[in-house]
Amino acid sequence: MTVSRSNMLVVTTEGVAGREIVEALGITRGSTVRAKHIGSDIVASLRNLVGGEVKEYAQLLAGAREQAMDRMVEDARAMGADAVVCVRMETSTIQQGASEVMVYGTAVRLK
């Protein structure tokens with residue numbers, strides 16, 4: 001998977017097709033912690049009774065993933081990177097009702 005985020009290539013692979021990595025700059029990461037809103041939590045609880053997608057939580061996590069990715073890209077940019085390879089995402093529960101989304105990879109310079 002390749003994503004271009006404002007001229008920063010972000011890939012899940014070990015390299016960028018057609019490009020040579022000339023320098024590995026180190027680990028780059030971005031994270032955010034999001035908590036449920038009481039109003040959306042009530043709606044989600046009701047939706048949970050009848051089944052189906054819990055859109056309130058899906059939107060919360062989608063926003064968290066985007067923010068964590070943006071933070072990782074900014075970290076890589078500050079390191080002088082052209083791309084981030086081997087990108088991975090993780091989610092963990094911090095406490096009941098709050099989750100952390102972490103995105104990390106290796107910041108590199110390309111030829």
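Trainee: Hi! Which side chain makes a polar contact with the side chain of T32?
Mentor: That would be Q67: the side chains of T32 and Q67 are joined by a polar contact of 2.8 Å. Keep in mind that this is a predicted model.

Trainee: Noted. Where in the fold is T32 found?
Mentor: T32 is in strand β3, which covers residues 21-35.

Trainee: And is T32 buried or exposed?
Mentor: T32 counts as buried because its relative accessible area is 6%, and the cut-off for buried is under 20%.

Trainee: What else does T32 touch?
Mentor: Leaving out residues up to four places away in sequence, T32 touches A64, Q67, A68, R71, S99, E100 and V101.

Trainee: Let's zoom out. How many helices and strands does the protein chain have?
Mentor: There are two helices and five strands in the protein chain. Reading from the N terminus, the order is β-β-β-α-α-β-β.

Trainee: How much of the protein chain counts as buried?
Mentor: Of its 111 residues, 26% are buried. The protein chain exposes about 6,800 Å², and carbon and sulfur atoms supply 51% of that area.

Trainee: And what share of the contacts join residues at least 24 apart?
Mentor: If you take contacts between residues at least 6 apart in sequence, 72% of them join residues at least 24 apart.

Trainee: What happens just after α2?
Mentor: G80 sits there with a positive phi of about 90°.

Trainee: Okay, new topic: the core. Which residues of the largest nonpolar core touch the most other members?
Mentor: That core has 14 residues, and the ones touching the most other members are M8, V10, M72, A76, V84, V87 and V103. At least two residues of this core come from each of β2 (8-11), α2, β4 (83-95) and β5 (98-110). The largest share is from α2, with six residues. There is also another core lying apart from it, made of six residues, among them V11, A83, V108 and L110.

Trainee: Tell me about V84. Which strand is V84 found in, and is V84 buried or exposed?
Mentor: V84 is found in strand β4. V84 is buried because its relative accessible area is 0%.

Trainee: What does V84 touch?
Mentor: Not counting residues up to four places away in sequence, V84 touches M8, L9, V10, V11, T28, M72, A76, G105 and T106.

Trainee: Now charges. How many salt bridges are there?
Mentor: The count is three. One of them pairs the side chains of E23 and R109, at 2.6 Å from N to O. E23 is in strand β3 and R109 in strand β5, so this pair ties together parts that are 86 residues apart in sequence.

Trainee: How accessible are E23 and R109?
Mentor: E23 is partly exposed at 36% relative accessibility, and R109 is partly exposed at 30%.

Trainee: What does K111 pair with?
Mentor: K111 forms a salt bridge with E20, and their closest N and O atoms are 3.9 Å apart. The pair links distant parts of the chain, with K111 in the segment after β5 and E20 in the loop between β2 and β3, 91 residues apart. K111 counts as exposed at 65% relative accessibility, whereas E20 is partly exposed at 44%.

Trainee: And where do E74 and R77 lie?
Mentor: Both lie in helix α2, three residues apart, about one turn of the helix. E74 and R77 form a salt bridge, with the closest N and O atoms 2.7 Å apart.

Note on methods
Residues are numbered from 1 along each chain as its sequence is written. This is a predicted model: local features need pLDDT of at least 70, side-chain atom pairs count only at pLDDT 80 or more; totals for chains, interfaces and linings use all residues. Side-chain values use heavy atoms; hydrogens and water are left out. Helices (H or I, at least four residues) and strands (E, at least two) are DSSP runs, numbered from the N terminus. Buried means under 20% relative accessible area, exposed over 50%, partly exposed in between (1.4 Å probe, protein chains only). A polar contact is a pair of N or O atoms within 3.5 Å; within protein, one must be able to donate a hydrogen and the other to accept it, and residues adjacent in sequence count only if both atoms are side-chain atoms. Contact means heavy atoms within 4.5 Å. Accessible areas come from the Shrake-Rupley method with a 1.4 Å probe; for residues, only the protein chains shown count as cover. A nonpolar core is a set of buried Ala, Val, Leu, Ile, Met, Phe, Trp, Tyr and Cys residues joined through side-chain atoms within 4.5 Å. A salt bridge is a side-chain nitrogen of Lys or Arg within 4 Å of a carboxyl oxygen of Asp or Glu.
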